[in-house]
Amino acid sequence: MKLIRFKPRSTTALLVASSVGVLAFAWPLFFHTSQVGESAIGHTTDAPWLFVLLLPLLVAVVLAELSEAGIDAKVISLVGMLAAVGAALRALGPGTAGLEPGFFLLVLAGRAFGAGFGFVLGAVSLLGGAMISGGVGPWMPFQMFACAWVGCLAGLLPRLGGRLELLLLAVYSLVSGVLYGVVMNLWFWPYATFGSDFSFIPGDALADNLHRYLLFVVATSLGWDIPRGILCAVLVLALGRPILNAFRRTARKAAFEAPVVFESGRTDG
């Protein structure tokens with residue numbers, strides 16, 4: 001059951017939003033910047049503009065689907081409800097030691113309701129969680145993109161059933177939990193100094209900078225990223241089946257895809 005389908009307009013909106021996200025993360029690797037070391041301002045000035053750009057892109061996905069009759073008020077309500085749950089889960093575990101229980105909800109919702117739904121839910125739930133936990137800063141729009149991709153890619157996984165589906169989702173949860181941290185490090189790594197073996201060097205070859213980045217990730221980040229992935233995988237294995245069944249039952253009972261048909265009036269006499 002895909003509640004936000006990949007139709008032409010929504011597909012274009014998702015691709016544009018993701019392209020903006022990739023550019024925001026990776027542009028220092030491809031374009032020369034002098035903002036490195038202690039004098040770097042990083043994303044403290046451009047992050048607000050990125051946030052301002054991201055919100056209309058998310059709204060564009062929803063509006064595109066509304067215009068193509070892909071979603072209705074019930075789907076928007078479901079996004080809001082699950083975003084509130086995700087925000088609460090983030091408040092319970094705001095990244096301490098990498099433990100973020102809200103990730104497994106994104107995986108299961110993206111799997112049950114589709115990639116488009118997962119994309120919107122990931123961004124909105126992260127925004128809500130950041131507001132609740134006080135985690136608002138220049139990193140927030142980057143976290144919104146990264147969480148959106150986690151939910152989106154869960155909806156693009158191959159179709160399986162039974163235990164194989166849970167195993168697939170658990171493996172994806174582990175991998176995505178680690179990759180989330182690997183991607184998120186890019187928001188600050190080019191603008192800080194960590195020593196010649198771990199720091200970004202402007203104008204250096206892409207392969208050399210990526211090599212130093214991987215060394216930096218292994219030395220500093222994996223201790224947070226692996227626990228995040230393990231926790232998400234364990235929660236999926238433990239709670240995935242009943243939650244997936246509940247999500248799918250909700251989609252069927254709410255008749256999200258059922259067309260509205262009005263019965264013709266009858267006259268007695």
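Me: Arginine 228 and aspartate 225 lie in helix α8; about how many helical turns separate them?
Reply: The model is predicted: local features need pLDDT of at least 70, side-chain atom pairs count only at pLDDT 80 or more, and totals for chains, interfaces and linings use all residues. Residues are numbered from 1 along each chain as its sequence is written, and side-chain values use heavy atoms, with hydrogens and water left out. A helix here is a DSSP run of H or I with at least four residues, a strand is a run of E with at least two, and both are numbered from the N terminus. Because arginine 228 and aspartate 225 are three residues apart in helix α8, their separation is about one helical turn.

Me: At what N to O distance do the side chains of arginine 228 and aspartate 225 meet in a salt bridge?
Reply: A salt bridge requires a side-chain nitrogen of Lys or Arg within 4 Å of a carboxyl oxygen of Asp or Glu. Arginine 228 and aspartate 225 are both buried (under 20% relative accessible area; exposed is over 50% and partly exposed in between, with a 1.4 Å probe and protein chains only). The N to O distance of this salt bridge is 3.1 Å.

Me: Which residues do salt bridges that share partners join into one network?
Reply: The whole structure holds five salt bridges. The side chains of arginine 228 and aspartate 225 form a salt bridge. Salt bridges with shared partners make one network of Arg111, Glu165, Arg241 and Arg248.

Me: How many residues apart in sequence are the parts that arginine 241 and glutamate 165 tie together?
Reply: The closest N and O atoms of the salt bridge between arginine 241 and glutamate 165 are 3.2 Å apart. Arginine 241 lies in helix α8 (residues 206–254) and glutamate 165 in helix α7, so the pair links parts with a sequence separation of 76 residues.

Me: How far apart are the closest N and O atoms in the salt bridge of arginine 248 with glutamate 165?
Reply: Glutamate 165 is buried at a relative accessible area of 2%. Arginine 248, by contrast, is partly exposed at 22%. The closest N and O atoms of their salt bridge are separated by 2.6 Å.

Me: Are α4 and α7 parallel or oblique to each other?
Reply: Two packed helices are described by the angle between their axes and the distance between the axes. The axes of α4 (residues 102–113) and α7 (residues 162–184) come within 10 Å and cross at roughly 130°; axes are lines fitted to C-alpha atoms, for helices over the stretch in contact, and angles run from 0 to 180 degrees between N-to-C directions. Angles under 35 degrees count as roughly parallel, over 145 as roughly antiparallel, 65 to 115 as roughly perpendicular and the rest as oblique. The pair α4 and α7 is therefore oblique.

Me: How many nonpolar, polar and charged residues does the contact of α4 with α7 have?
Reply: Contact means heavy atoms within 4.5 Å. The contact is made by Phe103, Val107, Leu108 and Arg111 of α4 with Glu165, Leu168, Leu169, Tyr172, Ser173 and Tyr180 of α7. Counting Ala, Val, Leu, Ile, Met, Phe, Trp, Tyr, Cys and Pro as nonpolar, Asp, Glu, Lys and Arg as charged, and the others, Gly among them, as polar, the contact of α4 with α7 has seven nonpolar, one polar and two charged residues.

Me: Which residues is phenylalanine 104 in contact with, leaving aside its neighbours within four places in sequence?
Reply: Phenylalanine 104 lies in helix α4 and is buried, with a relative accessible area of 7%. Its C-alpha atom is 9.0 Å from that of alanine 170, 66 residues away along the chain. With neighbours within four places in sequence set aside, the contacts of phenylalanine 104 are Leu89, Cys232, Leu235, Val236, Leu239 and Ile243.

Me: What distance separates the C-alpha atoms of serine 176 and valine 107?
Reply: Serine 176 is part of helix α7 and is buried, at 8% relative accessible area. Along the chain, serine 176 and valine 107 are 69 residues apart, and their C-alpha atoms are separated by 9.2 Å.

Me: What percentage of the residues of the protein count as buried?
Reply: The protein has eight helices and zero strands. Among contacts between residues at least 6 apart in sequence, 80% join residues at least 24 apart. Of the 269 residues, the share that counts as buried is 47%.
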